[in-house]
Amino acid sequence: MKPESLLASAAINFGLALIVISLFSIFKKQPSNAPIYYARRLSKRQQIPFDHTLTLSRFLPSISWIPRAFSVTEDEILRTSGLDALVIIRLFKFGIKFFGVCSLIGMLILLPINYGGQGDPSKIKHSMDSFTISNIIKGSNRLWVHFICLWFISFYGLYLLYKEYDEILVKRIQRLQDLRHRPDNFAVLVRQIPLCTEHNAYGCSVGHLFSKYYPKSYHSHQMLYDTKVVEDLLELPVAFATFKSRSGAALAAQSQQHSHPMLLTTEMAPEPRDVLWRSIGIPLNILLVYKIGVIVAASLLTIFFAVPVTAVQGIARFETLKKWFPPATAIELIPGVSSILTGYLPSAILKGFIYIVPLAMLGMAYIGGSISNSKAEIKACNMVFYFLLGNVFFLSLISGSLLDEIGQYFSHPKDFPSHLASVVTAQADFFMTYILTDGLSGFSLELLQPGMLLLDSIRLHTCGRGKDENPYLYSLPFYRFIPSVSLSILIGMVYALVSPMMLPLLVGSFCLGYIVIVNQIEDVYETVYETSGGYWPYIHHYIYIAIILMQITMIGLFGLKSKPAASIATIPLVLMTIAFNEYCKIRFLPTFRNYSIKDAVEDDEIDERNGVLDVNYENASHAYSSPSFQPLNFRTAKSSFTQPLMSSV
């Protein structure tokens, strides 16, 4: 890619971001837009101080919302929105900390070394490749600087990962104690209940089992019914069993109840508001069919998106495209068009195509039989991340050099492996434009909420929207933010030593993203469940993959640059990173998967001292009534996420 194309992309993205953010700051001041830009605050019955007079200041851009975003503390986010929301904030902070240090190393050390890598200044090409590792001649001792920087960046990244994991673990333990009154602390989801042959009922099996083996802690159970035919309720083999203590519930949930592992399976119940009632009744043997269906659907979606990704790379590599499609040279007759076409358009088209992917993956996750909204969104996060990793990252690398590889293969077949190994450096410019588009245009459009503005305008001019209309309140889309930001971190890590000019762009992108996400968490999105940091182990895994890919990429590049000693010396770094990840699994992961007996007993003791233990488990015994059995006013009521959801049954 020519420097002009990259500059065109930067100019367009900066310009669009500035315009969109200016429009947002104006629209945010208008009282009629409160259901969009203050949805969360309105749902909490908070007063919004609008200026209702027709003054000039109402129609001028302002930056007053930016300092407010920086003034919000982590404790405020934790108190008002929960640990899951704070996890996203910490993800952005991780990106800022990591790439802030990497930017200093890249701009002060690596960039000058790359630029002078040819030795003879007269041979330096004045293009973007002059600032990448591809400009260094084979066998140059300058590559040892990259080797040292690789070790430093890797250890710094692992240090930050460990520090974040440890701090979030502490916050999780404290958060679970703060929310110890929730019904799910006392409830266990029981599935695959065998039919009691004596009474021809499922409930008998549940009662007999827990009364016999948990006589001191078992309290009661609530069966799940198929309410499709109200006159003839079916007794489904699913129940919520309630215990008199958290320790009793934890023991029952984390133990095997039957010699047949597919019968009487138990797990900690989700929050009542988090339960997916239509999924928990699916038999476990049928769930396999659902999962296979989801895998097939996700695979078909991935294959489908291979076509636009390949087409996008054809546009980005315009010089190659002209060789294969000569009429494309006519575009160069119009000044500036080719720069826009190759610099901005490919990343914008790609971003537009993948915009629908998170929603599609979320739908598949819900169909896949998840027992709760949180588990469905976590599954969607995984699906979206691996889709982006495969289609946006790896497929862009392969398809971006596909035309070149075909030509080189026929003319120089023996050089094909080396050309294929160099695709990472060849695609550095494209990923720089992708980071610009994803960071600047993507986050600014998230602020503006153009889809909600369009919907509100349609409703206003068709059926009408009254002053008392409910706000456009939606849950925080973890499945969109986490995979997208994680992919940007992955791209940045892979290219940290290859193309240092990308690093400051990432810092700017994450700073803007931090401001945007804080604003959205405070004013727009609602937290509808709380996993107490359950997303972080997955984020940790995504970043771990990024570090491994960075190291493997550098092993290959050192080999291509005729530095086999550097390649061999990097292998221990990869092994150390793998060992670090295995240690983190042992040290942190169990606490995120299970409710420790120690914490459960301590929480029980606190409740006993306060005299509220009986009240809490009694509340839990009524909290898991099917929505069909709940009063209408109860089902439509908005429940605070810090209060237990209780049925009046």
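**Notebook: helix packing and selected residues**

**Entry 1. Helix 9 and helix 27**

I began with helix 9 and helix 27, which are roughly antiparallel to each other. I note at once that the model is predicted. For this pair I looked up an angle of about 155 degrees, and the axes are 7 Å apart. An angle over 145 degrees counts as roughly antiparallel, and the pair is therefore placed in that class. Helix 9 covers residues 246–253, and helix 27 covers residues 597–610.

I then listed the residues that form the contact. Helix 9 supplies Arg246, Ser247, Ala250 and Leu251. Helix 27 supplies Ile597, Ala600, Val601, Asp603, Asp604 and Asp607. By class, I recorded five nonpolar, one polar and four charged residues in this contact.

**Entry 2. The chain as a whole**

I turned next to the totals for the chain. The chain has 649 residues, of which 52% count as buried. I found 29 helices and four strands. Among contacts with a separation of 6 or more, 81% join residues 24 or more positions apart.

**Entry 3. Helix 6 and its partners**

Helix 6 and helix 23 (residues 502–523) pack at about 160 degrees, and their axes are 8 Å apart. The two helices are therefore roughly antiparallel. I noted a left-handed crossing for helix 6 and helix 23. Their contact holds 18 nonpolar, five polar and one charged residues.

Helix 6 (residues 83–115) packs with helix 24 (residues 536–560) at an angle of about 20 degrees, and the axes are 11 Å apart. An angle under 35 degrees counts as roughly parallel, and helix 6 and helix 24 are therefore assigned to that class. Helix 6 passes helix 24 in a right-handed crossing. On the side of helix 6 I recorded Val87, Leu91 and Phe94 in the contact; on the side of helix 24 I recorded Trp536, Ile539 and Ile543.

**Entry 4. Leu86**

I stayed with helix 6 in order to examine Leu86, which lies in this helix. Its relative accessibility is 1%, and Leu86 counts as buried. Leaving aside neighbours within four places in sequence, I found Leu86 in contact with Glu74, Ile77, Leu78 and Lys171. For Leu86 and Glu74 I also looked up the C-alpha to C-alpha distance: 6.8 Å, at twelve residues apart in sequence.

**Entry 5. Buried residues of helix 14**

I asked which residues of helix 14 (residues 345–353) are buried, and I listed Pro346, Ser347 and Leu350. These residues lie on the same side of helix 14, because they cover an arc of only 95 degrees around the axis. For the reasoning I noted that an α-helix has 3.6 residues a turn, so residues three or four places apart point the same way.

**Entry 6. Two residues with positive phi**

Arg45 has a positive phi of about 60 degrees, although it is not a glycine. I located Arg45 in the loop between helix 3 (39–43) and helix 4 (65–71). Is Arg45 buried or exposed? With a relative accessible area of 69%, Arg45 is exposed.

Leu264 likewise is not a glycine and has a positive phi, of about 50 degrees. I placed Leu264 in the loop between helix 9 and strand 4 (265–268). Leu264 counts as buried, at 7% relative accessibility.

**Entry 7. Two further loop residues**

I found Ser370 in the loop between helix 15 (357–367) and helix 16 (373–400). Ser370 is buried, with a relative accessible area of 5%. Not counting residues up to four places away in sequence, Ser370 touches Leu276, Ser279, Ala365, Lys375, Ala376 and Lys379.

Asp129 lies in the loop between helix 6 and helix 7 (143–178). At 38% relative accessibility, Asp129 counts as partly exposed. With residues up to four places away in sequence set aside, I recorded that Asp129 touches Ser134, Asn135 and Asp429. I also looked up Asp129 against Ala426: they are 297 residues apart along the chain, and their C-alpha atoms are separated by 8.6 Å.

Technical notes. Residues are numbered from 1 along each chain as its sequence is written. This is a predicted model: local features need pLDDT of at least 70, side-chain atom pairs count only at pLDDT 80 or more; totals for chains, interfaces and linings use all residues. Side-chain values use heavy atoms; hydrogens and water are left out. Buried means under 20% relative accessible area, exposed over 50%, partly exposed in between (1.4 Å probe, protein chains only). The arc is that of the directions from the helix axis to the C-beta atoms. Axes are lines fitted to C-alpha atoms, for helices over the stretch in contact, and angles run from 0 to 180 degrees between N-to-C directions. Angles under 35 degrees count as roughly parallel, over 145 as roughly antiparallel, 65 to 115 as roughly perpendicular and the rest as oblique. A crossing is left-handed if the near helix is turned anticlockwise from the far one by less than a right angle, and right-handed if clockwise. Contact means heavy atoms within 4.5 Å. Ala, Val, Leu, Ile, Met, Phe, Trp, Tyr, Cys and Pro count as nonpolar, Asp, Glu, Lys and Arg as charged, and the others, Gly among them, as polar.
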